Amino acid sequence: MTKAFPSIARRLKSTGIKLLKMGTFLINRFIESWKRYFLGDTVDVHPSPSSSGSPSFDNARPSLAGPVLSLGGGGPDVDDAIQWMINQVRGGSNSGTKVNVVVLRTNGNHDYNRLIYAMKGVNFVETLLIRNKEEANKAEIYEKIRNADVIFFAGGDQCQYIRNWKDTKVEAAVKSVYLKGGGIGGTSAGAMIQSDCVYDACASSEKGIETRDALEDPYRDITFTYNFFNWSNLKGTIVDTHFDRRQRMGRIMAFIARQIKDGVASSVLGIAVSESTSVLVDKNGLVKVMGRGDAYFVLGNHLPEVCEPRTPLTFSNYKIWKVRSGDTFNLRNRPTSGYYLRSVKRGRIDSNPY
């Protein structure tokens, strides 16, 4: 009889370990699911309490002074550009209004929370990881985004953003923030998805299409998405990022030529943003460039001479405005001077386009 007790004890211990492991597994699954919707330290961001004990937004939100846009070129963020967007929405840097910010991404972490919460005029910051259409159509997600004053898209993969968010409640909620005068910002892929025409990178390799390949064949593995976000001041545009560092002038030229040749538009303006640089667009369409680098506005306004599959591009006389940090450009009333001309002949740019 006494010999049975060690055996029973071992079985009880084994069962206890299994239950502990199962409990840990279920807790981890719960936390993982929770992290998809709220990331960040609630102690640090001081959200307004609600009766349910979860963060809530103030229902009596003040009127917003936008809409405004902040398009980041990738690399280190331009903190002053995000602050500019927040201040514009608040009604000025000295306004007493505080805004709620929601960061959107398909993967990653909540590293923007502390950065943005430390900025002037921020009431609350929340990061949402929205990884598929099912999550993008959740009522909870829709309400969180719709009740925000500023939206910021983290960098990532524009194809994933489009595949997971287009034609969902996420898209509708972001549009509602813009329409009520909010701010929409983003960097890298998060800036590219905001243009009228989006190079979606869904047909290319993980590395993506760069200048040489795009000029040699403007159709190979190059696809576009339309009617995602239709911002009034970005009509007829295509945004590209990491511009100087990755020498992307030729690829944006190919993207522009495609839109005209395919009959999408008769005139297309490329907005090309260098790393550590932001293009800021106020509600009147006036652009200010901020950061370490330059922005380029590249206009194609006639049919390309040669734009065919498996054939090098030929397109003459792109107009290019190089706008340095601190300078401006008017999207609604484009300047009639200050540009230089560059042409592509049989897949080669005729001279330095930068």
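Trainee: What should I know before I start?

Mentor: The model is predicted: local features need pLDDT of at least 70, side-chain atom pairs count only at pLDDT 80 or more, and totals for chains, interfaces and linings use all residues. Residues are numbered from 1 along each chain as its sequence is written, and side-chain values use heavy atoms, with hydrogens and water left out.

Trainee: How many aromatic pairs does the structure hold?

Mentor: Rings of Phe, Tyr and Trp (its six-membered ring) pair if their centres lie within 6.5 Å; planes under 30 degrees apart are stacked, over 60 edge-to-face, the rest tilted. The structure holds 16 such pairs. Tyr199 and Phe255 are stacked, at 4.6 Å centre to centre and 25 degrees between the planes.

Trainee: Are Tyr199 and Phe255 buried or exposed?

Mentor: Buried means under 20% relative accessible area, exposed over 50%, partly exposed in between (1.4 Å probe, protein chains only). Both Tyr199 and Phe255 are buried. Phe243 and Tyr296 form a tilted pair, at 5.6 Å and 40 degrees. Both of these, Phe243 and Tyr296, are buried too.

Trainee: What is the strand order in the open sheet?

Mentor: Strands (E, at least two residues) are DSSP runs, numbered from the N terminus. Two strands pair if DSSP finds at least two bridges between them. The 8 strands run β3-β2-β4-β5-β1-β10-β11-β14, with mixed pairing.

Trainee: Why is one side of β3 and of β14 left without a neighbour in the sheet?

Mentor: They stand at the edges, each with a single partner strand. For β14, strand β11 pairs with it in the antiparallel sense over 3 bridges. Lys288 has Thr328 in β14 as its bridge partner.

Technical notes. Helix = DSSP H or I, 4+ residues; strand = E, 2+ residues; numbered from the N terminus.
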